[in-house]
Amino acid sequence: MKTYYTSGEFAKKAHVSIRTIRYYDQKNLLKPSTHTASGARRYTDADFAKLQQILLLKYLGFSLTDIREMTLGSGDRQLLLDSLQIQKRLVEERLKEMRNVATAIDSTSSTLKAGQEVDWSKMLDLIHLTSMNQSLSTQYQNASNISARIKLHRDYSLNKEGWFHWLFRQLDLKPGMKILEIGAGNGTLWAQNLDRIPKGLTIVLSDISEGILSDAKNEIGDRAEFQYAVFDAQKIPFADNTFDLVIANHMLFYCDNIPKTLKEIKRVMKKGASFACSTYSKRHMHEITDLVQEFNPEIVLSSTNLYDRFGLDNGAEILSHDFTDVNCHKYEDAIELSESTPVISYILSCHGNQNSILLDHYNEFKNYVDDKVSDGFHITKDVGCFICKK
């Protein structure tokens with residue numbers, strides 16, 4: 001039998017004030033499970049899980065507006081579990097960074113006590129370490145989005161080889177090669193193929209986000225062939241003619257200036273080196289867009305159609321300005337499933353306006369998706385990789 005708590009009982013058990021509970025209700029962050037006939041709030045044990053998320057995300061530096069969107073759907077057990085796993089990783093990251101802060105403080109204190117000159121570069125490092133909230137916030141959002149997308153593809157795709165194994169085969173790696181992956185994200189391409197990597201490679205994984213590269217290091221582990229670098233792909237900090245292979249997996253369409261990025265990539269490639277870049281077309285996963293648009297035509301999952309910037313239909317023409325022997329390799333696959341949670345999780349991970357629109361209509365939306373997928377739901381994939389030469 002479900003236990004119900006008054007606002008006071010709920011607040012006392014959670015070690016927060018009644019004022020906090022009422023404030024979260026007013027802000028639509030934590031609504032009570034039910035109300036009595038007289039309108040009094042009543043909470044259940046399930047509400048503690050959402051409160052835990054709110055308090056932890058607040059501790060990690062998120063605004064209440066961000067938290068409201070990020071905890072959308074947390075009543076679903078699987079979405080909650082996924083979120084908790086990512087939160088745990090962030091807390092571990094915070095612990096590691098706080099230990100570094102403590103070490104830096106000890107070092108500076110010892111210097112001052114000894115009457116020695118302070119190394120101001122170390123003080124700048126300390127300032128950097130103590131301004132970590134923004135990077136943690138970005139890291140959480142990136143990790144959440146990537147987790148939702150990978151899970152849908154990994155668990156429900158018809159092609160059991162998997163995208164990352166297939167893409168790895170297209171690279172045709174040889175011993176001794178020097179490789180650069182730009183926009184490497186959490187390093188899944190390599191983490192899933194560690195036992196297939198030839199001997200003697202030098203692999204530089206880069207991303208614009210330092211936080212997400214930390215995830216890559218954790219996934220790949222301590223392996224001598226891997227190096228990590230944070231930079232913008234429009235300004236690659238390597239000399240001309242450095243790499244035998246450059247990889248851009250689903251990232252070119254994010255670049256502000258694609259022609260400039262391609263020229264930088266070409267510059268750091270050796271003569272005859274290969275460039276592998278993947279993308280998708282307008283047809284890719286169009287059923288997801290159709291689904292949300294049918295629920296509410298105002299929902300836009302992405303403010304920019306990335307395939308228009310660099311997609312399967314225009315990619316060869318764009319690449320031909322800087323590269324030769326441009327060939328497109330298609331990955332044959334589709335997604336089929338009959339449960340709503342992975343679809344909803346994917347939708348919530350998109351970069352559009354869907355979360356703000358669904359905030360006050362989540363249960364209605366969940367019932368709608370439940371109904372749409374109950375008899376089976378097919379999602380088209382139209383994705384591939386261009387391989388070209390310098």
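Student: Why is aspartate 155 called partly exposed?
Tutor: Its relative accessible area must be set against the cut-offs: buried means under 20%, exposed over 50%, and partly exposed in between, with a 1.4 Å probe and protein chains only. Aspartate 155 has 35% relative accessibility, so it counts as partly exposed. The model is predicted, so local features need pLDDT of at least 70 and side-chain atom pairs count only at pLDDT 80 or more, while totals for chains, interfaces and linings use all residues. Residues are numbered from 1 along each chain as its sequence is written, and side-chain values use heavy atoms, with hydrogens and water left out.

Student: What makes arginine 154 and aspartate 155 a salt bridge?
Tutor: The term requires a side-chain nitrogen of Lys or Arg within 4 Å of a carboxyl oxygen of Asp or Glu. For arginine 154 and aspartate 155 the N to O value is 2.8 Å, so the pair meets the rule. Arginine 154, at 54% relative accessibility, counts as exposed.

Student: How many salt bridges does this rule give?
Tutor: The count is 17. One of them joins aspartate 172 and lysine 174, with the closest N and O atoms 2.6 Å apart. Lysine 174 is partly exposed, at 41%. Arg283, Asp313, Lys330 and Asp382 are linked in a network of salt bridges.

Student: Which salt bridge does arginine 41 form?
Tutor: The side chain of arginine 41 meets that of aspartate 25 in a salt bridge of 2.5 Å, N to O. This pair links distant parts of the chain, 16 residues apart: arginine 41 lies in strand β2 (residues 41-42) and aspartate 25 in helix α2 (residues 18-26). Helices (H or I, at least four residues) and strands (E, at least two) are DSSP runs, numbered from the N terminus.

Student: Is aspartate 25 buried or exposed?
Tutor: Aspartate 25 has 6% relative accessibility, so it counts as buried. Arginine 41, at 22%, is partly exposed.

Student: What makes a set of residues a nonpolar core?
Tutor: The members are buried Ala, Val, Leu, Ile, Met, Phe, Trp, Tyr and Cys residues joined through side-chain atoms within 4.5 Å. The largest such core has 59 residues, and Trp190, Leu252, Ile265 and Phe275 have the most contacts inside it. Strand β7 (residues 269-280) gives the largest share of this core, six residues. Apart from it lies another core, of 26 residues, including Tyr156 and Ile344.
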